[in-house]
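Open the model in your viewer and keep the selection panel at hand. The stops below go from the domains to their interface and then to a pocket.

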Amino acid sequence: MNIKNNHLVIMAGGVGSRFWPMSTPDYPKQFIDVLGCGRTLIQLTADRFQGICPPENIWVVTSEKYADTVKEQLPDIADDHILREPCRRNTAPCIAYVSWKIKARNPKANMVVTPSDHIVMNIAEFQRVINSAMKFTADSDAILTLGMKPTRPETGYGYIEADLSVPSTANKEVFRVYSFKEKPDLETARRYIQKNNFFWNAGIFVWNVNTVVNALRVYQPAISKVFERLLPYYYTDKEQELINQNFPLCENISVDYAIMEKADEIFVLPASFGWSDLGTWGSLHENLPKDAHNNTQIGENIKLYETRNCVIHTTQEKRVVVQGLDGYIVAEKNDTLLICRLSEEQRIKEFSAE
């Protein structure tokens with residue numbers, strides 16, 4: 001496998017509405033130091049691919065309004081590797097655009113596509129798994145996704161049902177996908193994790209550029225035509241104008257529906273490297289260190305009294321004192337303070353809209 005052909009695509013167009021008020025549509029969570037470690041989520045995403053993909057092969061697909069923030073936080077990325085979407089159209093058009101653009105310059109490219117706002121605790125194991133996956137796809141027409149070994153009956157993730165009876169001859173860690181499952185209710189999730197062949201769908205895809213382009217041509221001809229037509233204009237001063245005109249014509253569809261649930265040659269590599277999609281305050285609480293009373297604290301000067309099972313995220317306040325809370329989110333950003341029961345966090349979208 002030639003590392004020069006390895007390309008990393010970071011999808012960074014999300015608005016992170018469930019992390020309000022820390023995350024807002026103007027400045028969503030992928031650009032925030034959510035973990036209090038000095039690096040934002042998109043920076044941590046790029047960091048963990050060091051040694052796997054050369055810096056000049058990193059791409060970010062994002063909204064027009066976040067392009068300057070991407071450049072600020074990932075200054076080594078070339079301007080023409082920050083793809084600006086004029087509107088939100090889900091993951092299939094986003095992946096189609098970047099795939100045709102990469103193929104125009106490097107038809108031997110081998111790609112890994114990842115969200116920008118997930119966390120990984122065991123970086124060494126993550127890198128081993130990604131290398132193994134990219135070796136598998138470099139010379140095959142397989143579409144590969146990573147499946148996370150579940151640690152609890154989670155209802156917030158989709159699941160991948162794998163056929164574990166026979167591993168791939170090319171890579172003993174890789175198995176065929178039997179089916180994709182929508183986010184389940186609790187009873188169904190419990191049933192899934194009692195079996196050993198159900199994995200969380202992490203939304204991380206590995207394939208070579210010809211495989212994904214061919215799959216899009218077969219299963220999404222309308223989307224394919226849009227980006228195929230623009231081949232003469234990639235890397236020119238006409239590209240953005242034509243993308244602005246044509247991108248909105250694409251169907252709003254995820255890559256799961258567009259390709260994964262239709263194609264035949266779909267494989268999964270089951271893995272375990274401390275992954276979370278960090279979708280909610282509850283998942284942040286779950287994944288970060290906690291004190292003796294099960295509180296997660298991110299901020300400079302926080303004092304807690306008779307407080308347990310809380311997540312406190314107050315990075316802009318000089319001093320925060322909390323007394324007597326159990327199972328709450330206390331989060332502050334830019335003159336907005338949220339105090340909300342963790343058990344009611346699904347209502348945060350409703351609160352932020354008022």
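The model is predicted, with local features needing pLDDT of at least 70 and side-chain atom pairs pLDDT 80 or more, while totals for chains, interfaces and linings use all residues. Numbering runs from 1 along each chain as its sequence is written, and side-chain values use heavy atoms, without hydrogens and water.

Next, select the contact (heavy atoms within 4.5 Å): domain 1 supplies 15 residues and domain 2 supplies 17 residues. The buried area, meaning the accessible area (1.4 Å probe) that the two parts lose on being put together, summed over both, is about 1500 Å², with 66% from carbon and sulfur atoms.

Colour the domain 1 side that touches domain 2 by class: nine residues are nonpolar, three polar and three charged, with Gly counted as polar and Tyr, Cys and Pro among the nonpolar.

Which residues lie nearest the centre of the second largest pocket? Select A46, Q50, I58, L74 and D76, from a lining of 13 residues. That lining divides into eight nonpolar, two polar and three charged residues. A pocket here is an open set of points on a 1 Å grid over the protein atoms alone, where a 1.4 Å probe fits, with protein on both sides within 12 Å along at least five of seven lines; lining residues have an atom within 4 Å of a point.
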